[in-house]
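Reader: I would like to go through this model with you, loop by loop and then at the ligand. Could you answer my questions as we look at it together?

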Amino acid sequence: MRIIKPSDIPASEITPREIYLNRRQFMAGVAALAIAPAVSASSEPSHGQKFMDIKTGPYSTNDKQTPFDSVTTYNNFYEFGTGKDDPAKRAHTLKPRPWTVSVEGEVKRPKVFDIDDLIRFAPLEERIYRLRCVEGWSMVIPWVGFPLTELIKQVEPTGNAKFVEFVSLLDPKQMPYQRSSVLDWPYIEGLRIDEANNPLTLLAVGLYGEVLPNQNGAPIRLITPWKYGFKSAKSIVKIRFVEKPPITSWMRAAPNEYGFFSNVNPEVAHPRWSQSRERRIGEFFKRDTLMFNGYAEQVAKLYRGMDLQKYF
Ligand code: MTE
């Protein structure tokens, strides 16, 4: 994203390869630390309540899952700071209960849902998805959630509902970094209605079988695995059906760098870096990034005929 600290740049990118590999042989431990996510030994990530009766959902990848400790300590959640370890250290000020999600706008049956009703709303599924961050790293995360389309059916969008806007909580008391102007708050994201209805799109309420940790977007967040991670708005309080494409927080911050679609596309570089490869957190070598993050079979049809260089 816009702010990159030296600690976010893999050592492999700043040190000549031979020296790096050599050093790795002699200093295996140190090199491992250099490429590992910022998992602080002193702050053991805590475990949350386990969900009961989660069914196995479709579309899961067999890729090796990123360990719980990395998933919950290497985060982007700018409402708590821009450092990868800020959310794990600071998101304890977020209160995920009581919590409501208002579903409104171009719908026949607008409704304010209590989070506990939403969690019971549709059978919870586990889906192991790849998450590719626009910064060039990726993870594999077993989410717990339900398809967004189930919620959409219930509120009955009108014919004017062409897009869906997702609004995260605005409350600087709970989210202290909202006092900074690093982004325009609240955090806003959006999908086209067919993307929102795609069976891959999840509303996640947990991961690794447990209630979503605060730093991962408690109590409810969006997951669109074929798009860069920043599309998946955390701690959602409002889902609004609208006629025009929402102006998302990242489009507002840097319109030439972040488009509305934000599909993972190894052929369309970010203006300041390539998107053709990625580093899976916990792995040493980079791997090729796949078109639509490997979900082309499910979503390529949504973009048929569109110029993806233009609609990035
Ligand atoms: N949602 C909110 N409200 N605020 C944020 O800063 N960061 C996004 C996305 N959702 C963000 C957000 C980015 S850049 C990424 S990569 C993912 O959350 C990271 O999700 P994770 O920390 O659970 O891996």
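Reader: In which loop does Pro98 lie?

Author: This is a predicted model, in which local features need pLDDT of at least 70, side-chain atom pairs count only at pLDDT 80 or more, and totals for chains, interfaces and linings use all residues. Residues are numbered from 1 along each chain as its sequence is written, and side-chain values use heavy atoms, with hydrogens and water left out. Helices (H or I, at least four residues) and strands (E, at least two) are DSSP runs numbered from the N terminus. On that numbering, Pro98 lies in the loop between helix 5 (86-90) and strand 2 (100-105).

Reader: What is omega near for the peptide bond from Arg97 to Pro98, and what is omega near for the peptide bond from Ala218 to Pro219?

Author: The bond that leads from Arg97 into Pro98 is cis, with omega near -15 degrees. Pro219 is found in the loop between strand 9 (210-211) and strand 10 (221-223). The peptide bond from Ala218 to Pro219 is also cis, and its omega is near -5 degrees.

Reader: Is Phe292 buried or exposed?

Author: Phe292, in the loop between strand 13 (287-288) and helix 10 (296-299), has a positive phi of about 50 degrees although it is not a glycine. Buried means under 20% relative accessible area, exposed over 50%, and partly exposed in between, with a 1.4 Å probe and protein chains only. Because its relative accessible area is 4%, Phe292 is buried.

Reader: What is the relative accessible area of Glu156?

Author: Glu156 is placed in the loop between helix 7 (148-155) and strand 6 (163-168), and its phi is near 50 degrees, a positive value in a residue other than glycine. Glu156 counts as partly exposed, because its relative accessible area is 34%.

Reader: How far apart in space are Lys227 and Ser262, C-alpha to C-alpha?

Author: Lys227 lies in the loop between strand 10 and strand 11 (236-242), and it counts as buried because its relative accessibility is 2%. Although Lys227 and Ser262 are 35 residues apart in sequence, their C-alpha to C-alpha distance in space is 5.6 Å.

Reader: Which residues come nearest to the ligand?

Author: A residue is near a molecule if one of its heavy atoms lies within 4 Å of it. There are 16 residues around the ligand, and those that come nearest are Asn75, Tyr78, Glu79, Arg221 and Lys234.

Reader: Which side chain has an N or O atom 2.8 Å from a nitrogen atom of the ligand?

Author: A polar contact is here a pair of N or O atoms within 3.5 Å; within protein, one must be able to donate a hydrogen and the other to accept it, and residues adjacent in sequence count only if both atoms are side-chain atoms. An oxygen atom of the ligand is 3.0 Å from an N or O atom in the side chain of Asn216, and a ligand nitrogen is 3.3 Å from a polar backbone atom of Asn76. The side chain with an N or O atom 2.8 Å from a ligand nitrogen is that of Glu79.
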